[in-house]
Amino acid sequence: MSTSTSTIASGERALYVDGDIHSGRRCFDSAYREAERSGDAPEMARAALGLGGLWVHEHRTAAEAAMVRLRQREALARVDPASPLALRLRVRLAAEADYRTGGYDQSLALLGKARDAGDPVALAEALSLAHHCVLGPEHGALRLELAAELIAEGSRTGRRSDLLMGLLWNTVDLFLVGDPHAERSLGELRGLLKGHDHLAVGFVLSAIDVMLSIRAGRFEEAEALAADCAERGTAAGDVDATGWYAVQLATIRWYQGRIGELAPALVELAGTPVLSAVDNSVYAGLAVAAATAGDRRLAESMLARLRGRDLAELPHSSSWLMSMYAIAEAAALLGDAVTAEQVYRLLLPYAGMPVIASLGAACYGSTWHTLGMAALTMGDVERAIGHLEAAVHDNLAFGHWPAVVLSRYRLAEAYALRHGSHDGRARHELARAERDADALGMTLPCASRQVAMARAGRQWRVELHGRGTLVDHSVGMGYLATLLANPGQEIPAAELAGNPHADPARQPVLDEEARRSYRRRLEQLDELPRSEAVEAERDWLLAELAAATGLGGRDRQFAGNDERARIAVGKAIRRAVDRIAAADRTIGDHLRATIHTGVRCSYGPG
């Protein structure tokens with residue numbers, strides 16, 4: 001037996017029996033060099049095939065990938081073109097080419113030839129590699145067919161990995177389509193690994209364990225399991241170990257309300273070669289983290305990168321649904337209705353599917369939630385309500401409790417936007433979401449959906465997480481600004497209308513201190529160079545002083561008791577909200593649902 005033959009045997013045992021990608025790669029590299037020196041074409045082919053590994057796209061750097069492709073092509077040129085080795089090499093090269101472009105046509109075409117050839121090993125490899133190229137959400141039925149055929153072929157090849165890979169693909173496929181019996185298949189696979197571990201398959205199973213812990217809302221346990229999963233992946237030599245750990249940690253932090261903490265780490269990860277060529281989820285996750293952390297420019301940059309010329313051009317890889325989820329959430333945080341509409345249109349055919357990252361690394365619940373968030377951002381509240389009701393139902397069926405909480409919270413928000421915050425359904429869903437969030441250790445994203453107002457001369461700039469409009473000043477706009485600056489606090493209507501310490505029956509509209517402050521500011525403006533902004537502020541101050549002064553320069557009084565204040569302030573605020581709604585319906589709907597008037601007034605964005 002030649003040196004290369006012995007080394008190849010060691011590599012095949014490591015890869016196909018133990019699932020040790022790292023050890024197998026070392027053996028195949030050494031064996032290829034030896035076979036090339038001796039001119040042994042069949043051994044070159046076996047070694048080149050082994051270098052491809054178990055999965056597609058295992059070599060992520062350009063240099064490594066080019067080297068392996070070159071060796072596979074050289075080996076293919078030297079072996080009998082009608083041999084099983086040649087067919088296996090063509091299958092591998094086609095799958096690698098398909099995966100890099102997000103396609104699958106070549107792989108499926110060669111799968112047909114492998115079926116006709118009658119070689120069990122060639123067919124098993126063709127089935128597994130083709131399966132890896134059809135991980136988009138539209139191919140669920142096809143994947144299950146390929147997995148079932150691979151399980152059958154696994155009994156013919158005599159290679160342990162073929163049967164395990166068939167059962168693994170079947171398990172993953174059931175989770176990806178939301179099949180309620182997916183965990184039964186998972187249990188069968190666990191049983192086969194009890195006596196003899198398989199590092200590569202075991203790594204994926206450990207990732208699914210992380211996903212299930214997150215679904216159960218056991219965040220501390222999930223984080224510990226994620227660290228263990230990363231160690232298992234590194235030990236197996238799986239290049240996805242780093243990327244999957246990042247996805248798992250980001251999922252945990254998302255539900256904990258701490259995703260903004262990961263922005264620096266995601267920036268670093270986005271520039272590393274360990275990510276798949278068709279994986280865009282890190283850019284999408286970074287957009288959410290940056291928007292949450294207040295870095296609007298970085299968030300908008302990531303969304304622009306993802307959109308490219310057309311968001312529809314993103315390949316339908318195993319991370320596509322997760323990318324759409326994150327893009328929708330980032331668009332909501334930024335008030336980007338255009339991007340939200342694009343996500344909605346692209347995602348609608350896959351409504352109801354679970355948003356699962358890769359082969360089960362993490363889960364974000366039902367796509368109905370993503371569609372609901374997109375509809376909210378688009379301002380279509382009625383449609384959002386229907387989608388979020390479906391999301392609550394599906395997430396309950398998945399047993400994904402953090403996703404249930406988040407969908408209930410957004411559903412409560414949608415009910416409140418359409419029917420008012422005192423709506424029974426809105427209050428019921430919000431109470432349940434808050435109670436369950438507290439039990440799970442989740443922080444609900446209420447702060448991200450508050451309206452802010454800033455004075456701009458004789459107008460107000462009104463913003464809601466990225467949306468913005470200008471509205472002329474009025475007394476009611478001033479009242480609104482006070483409420484928005486004090487979210488959750490009740491302020492007496494009489495206090496809004498004037499000085500809370502004066503006689504409630506005779507309150508000055510402006511007290512003496514305020515008048516002195518306005519006059520000092522007028523003097524300062526007179527010393528400044530004339531400009532549009534200076535003139536606008538000067539005109540406003542003069543108008544306020546005139547409005548506060550009666551005949552003979554006497555203070556103008558707010559006559560009446562608390563009831564009169566309630567009526568006057570309420571009318572002024574409602575007129576202001578109507579003017580805002582005329583300029584931006586979404587902001588107006590939000591304010592109608594969250595501003596409360598009466599003897600005491602408040603703004604309750606939660």
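Analyst: Buried denotes a relative accessible area under 20%, exposed one over 50%, and partly exposed a value in between (1.4 Å probe, protein chains only). By that criterion Tyr409 is buried, because its relative accessible area is 5%. This is a predicted model, in which local features need pLDDT of at least 70 and side-chain atom pairs count only at pLDDT 80 or more, while totals for chains, interfaces and linings use all residues. Residues are numbered from 1 along each chain as its sequence is written, and side-chain values use heavy atoms, with hydrogens and water left out.

A salt bridge is a side-chain nitrogen of Lys or Arg within 4 Å of a carboxyl oxygen of Asp or Glu. The whole structure contains 30 salt bridges. One of them joins Arg25 to Glu58, with the closest N and O atoms 3.0 Å apart. This pair links distant parts of the chain, 33 residues apart: Arg25 belongs to helix H2 (residues 21–38), and Glu58 to the loop between helix H3 (41–52) and helix H4 (62–78). Helices are DSSP runs (H or I, at least four residues), numbered from the N terminus. Arg25 is partly exposed at 25% relative accessibility, whereas Glu58 is buried at 7%.

Glu96 and Arg92 also form a salt bridge, at 3.0 Å between the closest N and O atoms. Both lie in helix H5 (residues 84–101), four residues apart, about one turn of the helix, and both are buried.

In a further salt bridge, Glu261 meets Arg258 at 2.8 Å, N to O. Glu261 is partly exposed at 46% relative accessibility, as is Arg258 at 33%.

Notes:
Helices (H or I, at least four residues) and strands (E, at least two) are DSSP runs, numbered from the N terminus.
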